[in-house]
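Please open the model in your viewer and keep the selection tool at hand. The stops below go from a helix to a loop and then to a pocket.

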Amino acid sequence: MRRALLFFFTCAATVLAQGNSDWHREFPSFKIAGNLYYVGTADLAVYLITTPQGNILINSDFEQDVPLIRKSIEQLGFKYGDTKVILISHAHGDHDAATGLIKKETGAKLMVMDADVPEEESTAPGRPGAHVDRILHDHDTVELGGSKLVAHLTPGHTKGCTTWTMQVSDGARTLNVVIVGSPNVNPGYILVGNKNYPGIADDYVKTFVVLKSLPCDVFLGAHGAYFGLKAKHETMKAGGANPFIDPDGYKAYIAERDDTFRKEWARQKQNPGSAAP
Ligand SMILES: [Zn+2]
């Protein structure tokens, strides 16, 4: 039994670590707006917020991606060792597996939403087993060197899934930034009669209310695919208006994800005990 379980976990961790081909592919780092920069891979989004008192990093990706993140930070002229705070979108390996490594290498403080803390500190296969230095609650703020991020609890995808908002200055304008935690119902997720997470469907419903309420100019998220990273980066290189300022794209994305969630929820209500495909 133990051997079977171990085999299962090893396979699950392998599948998770492989992901899609963009997960570990190098992507050029660039300034999004103000003091907010993209330093992730071609799909696993990592954000750097620079301040005079050190920097904030959102998401760690997997341990194998850390050299790319470090290179991205250094190519922008900043220091990896100046990372003072590390935050996550949610406690899944593609966003948090390397939080322990980055803490060890930089001395950054790890701050995580309350309901994701057990997963963050778990030493189960694929989990970072990273000590959380500050436990966050819905609407808590993280402040450093004049920058302020707000943690919005957007649960369902994980119990402590977090959507981060901040304001950045772009010339004379102040822009509202939204970094979506995840509104997705993953394959295998059970929305009806889920014993490990009885309130999961209601949490998704709450999440969409929250996401629809957030003022958004700059639309970002935990995966580049959420907000069209590659196409927008190409547009940005061509010059002109900043393509990441995309309030309509944000609204359309949230509406489509809400619709997809509701269809899957309705399907599972008709087929109790079934899981998302
Ligand atoms: Zn996830």
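The model is a predicted one, in which local features need pLDDT of at least 70 and side-chain atom pairs count only at pLDDT 80 or more, while totals for chains, interfaces and linings use all residues. Residues are numbered from 1 along each chain as its sequence is written, and side-chain values use heavy atoms, with hydrogens and water left out.

Apart from neighbours within four places in sequence, Lys 103 is in contact (heavy atoms within 4.5 Å) with Ile 86, Ala 108, Leu 110, His 131 and Asp 133.

Next, select Val 132, in the loop between α5 (117-121) and β7 (134-136); its relative accessible area is 5%, so Val 132 is buried. Beyond its neighbours within four places in sequence, Val 132 contacts Leu 110, Val 112, Val 117, Glu 120 and Glu 121.

From there, move to Glu 120 in helix α5. Which side chain of opposite charge is nearest to Glu 120? That is Arg 127, 4.3 Å away, and Glu 120, although buried, has no salt bridge, a term that requires a side-chain nitrogen of Lys or Arg within 4 Å of a carboxyl oxygen of Asp or Glu. Not counting residues up to four places away in sequence, Glu 120 touches several others, including Ile 88, Ala 91, Asp 96, Arg 127 and Val 132.

Finally, select Lys 148, Val 150, His 152, Thr 165, Met 166, Gln 167, Asn 176, Val 177, Val 178, Leu 214 and Pro 215, which line the second largest pocket. On a 1 Å grid over the protein atoms alone, a pocket is an open set of points where a 1.4 Å probe fits, with protein on both sides within 12 Å along at least five of seven lines, and lining residues have an atom within 4 Å of a point. At least two lining residues come from each of β9 (147-153), β10 (162-170) and β11 (173-180).

Technical notes:
Helices (H or I, at least four residues) and strands (E, at least two) are DSSP runs, numbered from the N terminus. Buried means under 20% relative accessible area, exposed over 50%, partly exposed in between (1.4 Å probe, protein chains only). Lys and Arg count as positive and Asp and Glu as negative; His and the chain ends are not counted.
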